[in-house]
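Biologist: Could you take me through this structure? I would like to begin with strand pairing and then turn to helix packing.

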Amino acid sequence: MAADAARILRRLGPGGVVAALGLAAILLAVVAPGVLAPGDPLAIAPTEAFSPPSWAHPFGTDESGRDLFTRVVHGAAASAGIGLAATGIGIGAGLVLGFAGALGPRWLDAAIARVVEVLFALPTLVMALLLVAVIGPGTQASVIAIGAATAPGYARILRARVRGVVRSDYVAYARHEGVGPVAVFARHIAPNTLWPLVATATLGVGQAIVWVSALSFLGLGALPPSPEWGAMLNAGRVYIGTAWWMTVLPGLAIVATATVLTVLGRRASGAGSAGS
Amino acid sequence: MPDSSADPLPARLARGLPAWLRWLLGRIGSALLVIWVVATAVFFALRASGDPLEAILGGPGSQAGPEAVAQARAEYGLDHPLVVQYLAQLWRVATFQLGDSYARRQPVAELIGAQLPGTLLLAVLALLLAWALAVAGSTIAATAGAGSGWRGRAGRAAVGVLRGLELVATVMPQFWLGAVLILVFASSLQILPATSSGAGPAGLVLPVVTLAIPIAGFLAQVSRDALLEADASPFAVTARSRGASEPRVLLHHTLRHASLPALSLSGWAFGHLLSGAVVVEALFARPGLGRLLLDAAMSRDVPLVIGAVVVVALLYVVVVTVVDAVELVVDPRLRTPRAPHAMRTPELAVGS
Amino acid sequence: MLRRALPLLALSASVALIATACSPAGQEAAEPATGGTLVYATGDAEPTCLDPHVGGNYPQALISSQYLEPLVGRTADGEITPWLAEDWEVSEDGLTWDLTLREDVTFTDGTPFDAEAVKVNIEHLQDPETASSTGYLAVSKVAEVEVVDETHARFHLSEPDSALLESLSMPWTAIQSPAGIERGMEENCAAPIGTGPFIVEEWVPQQQITLVRNDDYASPGPQGEHEGPAYLDEIVWRFIPDAATRQAALASGEVHVIDNPQPDAIVSAEQGDEIEHIDAPRPGSVNRIELNAGQTPFDDARVREAFIRAADPNPGIESLYLGTVTRSYSPLGSTEPMGVSDESLFGTDPDAANALLDEAGWTERDADGTRMKDGQRLTVRFPVSTNQSVAAEQSLFEQIQANTAAVGFDVQLSPVDLSTWYGALGANEYEAVSAPYTRVGPEVLRVLYHSDGIVPAPSGYFANHAQLSDPELDALLDQASATHDEAARAELYAQAQQRILESFTILPLYDQQNHFLTRGVTGVTTLGTVATPTFVDARLVG
């Protein structure tokens, strides 16, 4: 047990450990925000508006006197939730496309490869704007838009992985042994492709959070008074000259979360071990 | 030996053409495919999301009179069967009849044509800056860590800082970065303008920097990996053993190999830049394709959105084509048909 | 060699220093220069048509005031003054108005300004193809314009209209060249032709509109301080919807004048000396929240009153607007001499609100604490137009949302663009809305609160968002419109306002804010009509 723990710690490295602690804090903020910030994120107090950071208000207050630290903590659920949902959609679509392409007939693979290539020609935000133009703005639309925009990326990664696994020795051996295709899938292909997906997904959630907050910044995402980080950043930017904390601190939350997720995702996928 | 006469006609024809022509036709095919998919997707999405007439006329509050409604109905053939409408739409897109923007009552092609140069200027400058930063950063990282003693340790610490900066650059939201830059350089120090249009150098600095930094982060990581790999490769080792100095080794051998991944990522980078342009143009009040697309999306101006998206997709295909051509020139290894295909997108970026 | 040059260098440096020190220090206050280009950055939406006859909103008025002029003007105190029309007379029965027009005025395309031009303009406003909203309503009682001779026009009305001159003083009824109108809507939207101090030269969509000086300008209005053409060569009208960027552009000297500044920018402008502040509240209605009395839940007066008792906007107004705004309790703006205010009706009392809601039958509660009745939630849809509300106002609405949530309302704010906002209003998909309406004089009460206002104009827009349909109020407003006796008019409008306030269909907030910040330019004033800026006397400084 101790040896396992030591191995994990060594693999994580000092940066990874910090990131893991950060992730723990973020997860705590998502599931039990009241532990970190017991106040009400929607409670207004106009007389205390625009207070700079202090002991009473570690992150200061916003234009309606709401405590910014409380809002950032409670906003973790909104932002991370939206990021997770978008990633879920992206991975779901990517799974379907990736598996269908790698395991299905040749013509399907070629067709899917072409479609994925085409979707790559549309940058994420451009595709999101296209979807918003048709569906209309809102949280739902931004989740679908970012999910659809990131699906080609996941599809490509999955297809490559699945093909690699399908061509591997142990699958060939299992087939040779007469194991049925469903069992081969369940015992060999699925575990070897889905576990590494966790690492990619971790990275993906971080990036999705940034994209979703970009849509909120453009006015196409979460609605007031939701404490979603991107929306808070958008609202705070108006007062950036006089109340810098309203913009800088939620932005730091986004950067910190995305960084933590990226570091952990890299470590988990092994890319981090070669000195990067 | 397989009997080639049993192959289908197109395959036989294809093999008869010279390699470069086949490649070019492939690229054109990609472009056509892109346009077709976009047109189809928008057509069905439009029909699926409610009354297409409302969206065509510019949203629910368009206050369009009965004449405009009748005209739109006739132009879009909304009384005809779905298949006919679909084919008509494809024909319109194929002949670049992108229609008129209903919010602005001007031809879509004109609007896009007017705004495109500004965005392209930003994108090209940002890409150049990103390359420069990436190559500089990876070169420093690769060479600073060498040596022993306090110089070596300081160098390695600097490398660690650089790696951290790269990481943060890749996850930093561009609108936040831009807002902070405006706060520092425009509002507080007042040495750079907050808004700009056109090609004035002072006004380009902040937007270009904001656009370039996330791309520079990705490119730097990729360049550094390639540089380290090239540094350890046989020809570099041989060159050193023959007494060549470090700078010489760098310039003559490794740098060229290190810049290859950055080059092949340029297609993805360009896409990312166009995404970024939407945010940056909104933030710095610059006119451009990004801002046009944003306004069009917000006012549900579908002809304009379709036009802008088609243009963006085509640009991407053009850039990828150019990059492929340049790659073939720069790296002869890629000219053989079974050559390893260089990475087109950074391994760990799921979107652009 | 350097050593030999050094003394010479030192000598020339000292000479230069002394020379600059001795130069006339009176240049501290730099002289305003003639000529140059003024850059104006607006935060309002970019108009889709530069002709204010089409549609008719404030962004159009802002720019059209530079190149179009109305028949009459209005001072800040509400007095009507001559402009393109020199004199006027009304008949006994109020159905005929004779206007004497100014002579020797031509439009910038050479067409003479005469009674025929006036006739063409009024017909243009009334033509359904023009799709006019504001202008159409303004001249809705004009049946026909008769050309008596070149300088005399006779207005025949279908009903007496005591507010006709006020209507004709607005930018949305300004006079354009008939030849210009004849070119067709597309061309006329791109560059209307008028008599104003500037001419539209070019419109680059999304970027800017360039106006050049009209060198033959000869028709100054009541605000003009000098005769003859403007001092500026050119005005560049830019669109910067983002408030922070707009402010930064002003601070860095890229633009000279901005509108819609944030309250903190106004405060620091007042405290410093580089940036000047012009405060010019728009006439007509106040900024208010209107409750849709035409459908559930606000068709019940008790629910309306409960909302008003719970809203408590005052602390928010104080903290968000930093003292630049005063709370209003009147349906009319503070610049209207006939305004009537009643603070007693708008006290905050959450207990009373709760009691009223219980009485109205909204006694069940759902999981979030929102009240329910017969399975329906107490939902208030509140679309907010981001083009027309500054960030501070949107935050104020958020605070009202929080305050009313405490007694069980579920206010759903949706910030949307202008087009979607119009759509939601047109489809009746709102329970509360804040729709600014600029209109000269107390006649605005008739536009906003008469039951006729529920009927849409040809463009689809209707103004009575409270959907107030009160026959007694209608009668008061009709009577006031027909009376020419100022005292009687004032009394009737006072009664009308009291009825409006007591109906609890509106929650008055404050005057329609209209602030401008200027830097590096003097001589900028606002027209007395709808408080749009005029640059006819403006000169660049420094």
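**Strands and helices**

Modeller: In chain C, strand 9 (residues 198–204) and strand 10 (residues 208–213) run antiparallel and are joined by six bridges. Strands are DSSP E runs of at least two residues and helices are H or I runs of at least four, numbered from the N terminus; two strands pair if DSSP finds at least two bridges between them. This is a predicted model, in which local features need pLDDT of at least 70, side-chain atom pairs count only at pLDDT 80 or more, and totals for chains, interfaces and linings use all residues. Residues are numbered from 1 along each chain as its sequence is written, with chains lettered from A and ligands numbered from 1 in the order in which they are written.

Biologist: Which residue in strand 10 of chain C is the bridge partner of C:Glu202?

Modeller: C:Thr210 is that partner. In strand 11 of chain C, C:Thr210 has C:Val236 as its bridge partner.

Biologist: How many residues lie between strand 9 and strand 10 of chain C in the hairpin?

Modeller: Three residues lie between them, and C:Gln206 in the turn has a positive phi of about 75 degrees.

Biologist: Now chain B. At what angle do helix 8 and helix 12 of chain B pack?

Modeller: The angle is about 30 degrees, with the axes 9 Å apart; axes are lines fitted to C-alpha atoms over the stretch in contact, and angles run from 0 to 180 degrees between N-to-C directions. Helix 8 of chain B is therefore roughly parallel to helix 12 of chain B, a term for angles under 35 degrees.

How values were computed: Parallel < 35°, antiparallel > 145°, perpendicular 65-115°, else oblique.
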